[in-house]
Number of protein chains: 2
Amino acid sequence: MRRVTIHDVASKAGVSLATVDRVLNGRPGVRKVTIDRVQAAVRDLNYEPDAFAAGLAKRRSYRLHFLIPNGPNAFMEDLSREARDFAATLMRERVSVHIEPIDAFDAHRVTGTLAILDKSVCDGVAVVAPSFPEVRAAIDRLQDRGVHVVTLVSDHPASSRRHFVGIDNMAAGRVAGRLLGRFLPKEPAKIAFIAGSLGLRDHADRYAGCTQVIDNEFPHLELLKVREGRDDNGKNHDIALKLLAEHPDLAGLYNIGAGNRGLIAALEETRRGAGLTFIGHELTPYTRAALQNGTMDALIAQDPGHEVRSAIRVLKALCDGAPIVEGQERIGIDIFLKDNLPDLA
Amino acid sequence: MRRVTIHDVASKAGVSLATVDRVLNGRPGVRKVTIDRVQAAVRDLNYEPDAFAAGLAKRRSYRLHFLIPNGPNAFMEDLSREARDFAATLMRERVSVHIEPIDAFDAHRVTGTLAILDKSVCDGVAVVAPSFPEVRAAIDRLQDRGVHVVTLVSDHPASSRRHFVGIDNMAAGRVAGRLLGRFLPKEPAKIAFIAGSLGLRDHADRYAGCTQVIDNEFPHLELLKVREGRDDNGKNHDIALKLLAEHPDLAGLYNIGAGNRGLIAALEETRRGAGLTFIGHELTPYTRAALQNGTMDALIAQDPGHEVRSAIRVLKALCDGAPIVEGQERIGIDIFLKDNLPDLA
DNA sequence: AATCGCTTGAGGTGCGTTACTCATTTCTGG
DNA sequence: CCAGAAATGAGTAACGCACCTCAAGCGATT
């Protein structure tokens with residue numbers, strides 16, 4: 001079962017190798033009828049160009065840049081680590097990944113970083129940044145300069161980014177809402193929300209999804225107004241203590257953003273962990289432990305490894321002009337209970 | 001930023017190309033000290049062989065066989081379809097996938113199919129089959145003949161298969177148990193189980209996981225004895241009708257295996273769908289609809305597309321002697337509520 | 001000193017493309 | 001029918017590596 005090569009296509013179509021090459025690579029100077037003959041031969045023989053040979057001859061390389069927020073955020077650190085790890089195994093496939101830490105809350109710096117990128121330095125960019133209008137504009141300009149851009153974790157739907165790698169945060173919020181609604185008894189009870197900031201699109205989406213489900217399907221639950229803790233453990237800790245003091249009958253808690261560690265500490269100090277249904281996001285050593293000991297009841301997560309690998313695959317496909325395997329690139333909303341925690345890597 | 005090639009390694013180490021080649025490919029006839037010199041140069045220069053060039057020169061090809069149960073099982077059909085789809089996009093990377101439908105309940109035929117396979121016909125095999133001892137033996141012999149084997153969906157832990165691609169069914173069962181326990185009110189209630197057959201390892205595992213969690217953490221729930229429906233819609237339909245008649249106060253239902261369609265029909269005919277907490281496995285058009293209209297309350301699933309792609313990646317890596325990216329190949333237990341159903345492809 | 005075995009160097013070929021160049025043939029309009 | 005343009009053929013270098021052969025260098029053994 002020899003491979004079908006351009007030679008076979010050429011002889012089948014009764015033309016020379018040069019002509020086959022012209023057709024296959026869209027070079028000019030071939031009559032319509034000849035093009036058709038060659039394409040017919042390609043179909044008949046089921047010819048597929050050999051990726052190894054093509055890659056070698058094309059001298060292709062994929063220089064990718066990842067812009068990832070710095071700061072003491074376990075999830076972002078996981079993203080960076082996974083990107084580094086995966087890049088190491090992909091070096092031999094000519095994929096080089098440069099990780100650029102950015103200050104996500106400084107839109108000006110982010111756009112500056114995007115502005116200096118260029119086709120001569122990189123072929124694709126994956127960026128995780130809050131959706132400020134100026135960032136959107138910078139993404140558009142970068143695309144215009146011929147660099148492929150995908151958004152990661154947090155989308156910029158209005159931009160011309162070619163793809164979004166991340167979860168549907170509205171759906172994630174709905175899941176949180178339903179879990180709260182079904183985990184709690186069918187009787188009036190109070191639920192508290194803590195977010196990093198409702199100015200962040202993903203936090204706002206989650207909040208909207210959650211309240212939508214609860215309002216529609218669990219109207220007996222009373223929703224306290226959202227407190228914003230800037231994803232900071234210290235702030236969240238204080239917020240939680242105050243909440244627990246103000247509402248001794250608090251039944252549920254949904255942390256929309258990061259900073260679970262502060263909340264966990266507060267619940268455990270006050271021994272309110274077991275009685276309260278507490279749902280949060282992202283799997284970290286702290287949330288894992290809290291799930292195991294019962295302080296947390298469910299975790300809604302996205303797999304940073306999956307996201308990074310998906311972003312790299314998508315960018316590579318964009319560079320090659322190859323199609324994207326949709327099913328492969330859909331990032332699922334992971335729901336963890338204490339029963340299905342993955343083993344530690 | 002030119003690529004580092006063997007030429008660079010050779011001159012750095014002060015040896016010839018031939019020697020570098022001998023070292024890199026483990027050919028004999030090189031002194032220890034020379035080997036060390038070359039390896040030091042490889043490390044210093046951070047040399048990685050070019051996958052494109054190597055693949056081309058090696059004339060590598062990956063002939064993979066997938067043995068997948070036939071019959072009217074939506075999940076198995078999804079597996080086959082995904083394998084075909086992914087194989088199409090991988091043809092140019094010299095991966096060819098042959099899908100062999102098997103009668104999973106006829107162990108003799110399965111072993112026969114495995115027995116005729118050989119290094120001359122295929123490089124790797126992915127097999128989904130119930131764990132009969134003779135199948136295990138056939139897998140071992142196939143491995144001995146130099147063909148890499150991975151088990152898919154259903155594991156044969158005692159065999160010498162190189163890898164298992166699938167979920168932890170014990171954990172899946174525990175998830176079902178916890179969801180039942182938390183979705184139902186904290187008061188005595190009856191729960192029914194339906195399985196295909198407890199002789200199937202995955203069904204037995206799920207059952208064990210589920211009862212373990214309920215016995216330990218939700219002892220107020222009464223577990224009715226398991227009914228076996230052979231994963232057949234018709235049988236399951238009858239079983240459900242009988243169950244509902246015998247237990248007008250039935251509160252929960254867990255379908256451990258396939259055949260959800262029959263159960264859904266029974267629940268909807270008798271209008272018991274809404275009042276009952278019903279949990280099952282695998283996402284199909286029927287379970288999707290049931291989740292949306294409230295007949296089902298949660299779905300525990302595994303992504304067949306992910307599994308197939310993982311199996312192919314793993315087999316390819318085994319053929320290349322390359323390392324496996326653990327995180328990438330871990331198959332998660334998907335939990336679907338009506339809120340996080342993926343869009344239809 | 002001749003011999004043997006081990007180690008190393010030098011060099012070539014093929015893998016299937018891409019991306020050229022330069023002839024040569026075929027077609028078209030005037 | 002012929003100039004000029006368009007289409008095609010023929011061939012080549014390069015990509016980086018795997019795999020092979022042949023010869024030369026070296027030290028130790030007899």
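How many salt bridges does the structure hold over all chains? The count is 42. Keep in mind that this is a predicted model.

Start with chain A. The side chains of Asp21(A) and Arg27(A) meet in a salt bridge, 2.9 Å from N to O. Asp21(A) has a relative accessible area of 30%, so it counts as partly exposed. Arg27(A) comes out at 42%, and is partly exposed as well.

Next pair. Arg309(A) forms a salt bridge with Glu82(A), and the closest N and O atoms are 3.6 Å apart. This one links distant parts of the chain. Arg309(A) sits in helix α13, residues 304-320. Glu82(A) sits in helix α5, residues 74-90.

Now across the chains. Which residue of chain B pairs with Asp339(A)? The partner is Arg178(B), with the closest N and O atoms 2.4 Å apart. On the chain A side, Asp339(A) lies in the segment after β12 (334-336). On the chain B side, Arg178(B) belongs to helix α8, residues 169-183. Why do we call both ends buried? Buried means under 20% relative accessible area. Asp339(A) has 4%, so it qualifies. Arg178(B) has 8%, so it qualifies too.

Last, the network. Salt bridges with shared partners join four residues of chain A: Asp78(A), Arg81(A), Glu82(A) and Arg309(A).

Conventions
Residues numbered from 1 in each chain as written. Chains lettered and ligands numbered in written order. Predicted model: local features only at pLDDT ≥ 70, side-chain atom pairs only at ≥ 80, totals over all residues. Heavy atoms only, no water. Buried < 20%, exposed > 50% of the residue type's maximum accessible area, 1.4 Å probe, protein only. Helix = DSSP H or I, 4+ residues; strand = E, 2+ residues; numbered from the N terminus.
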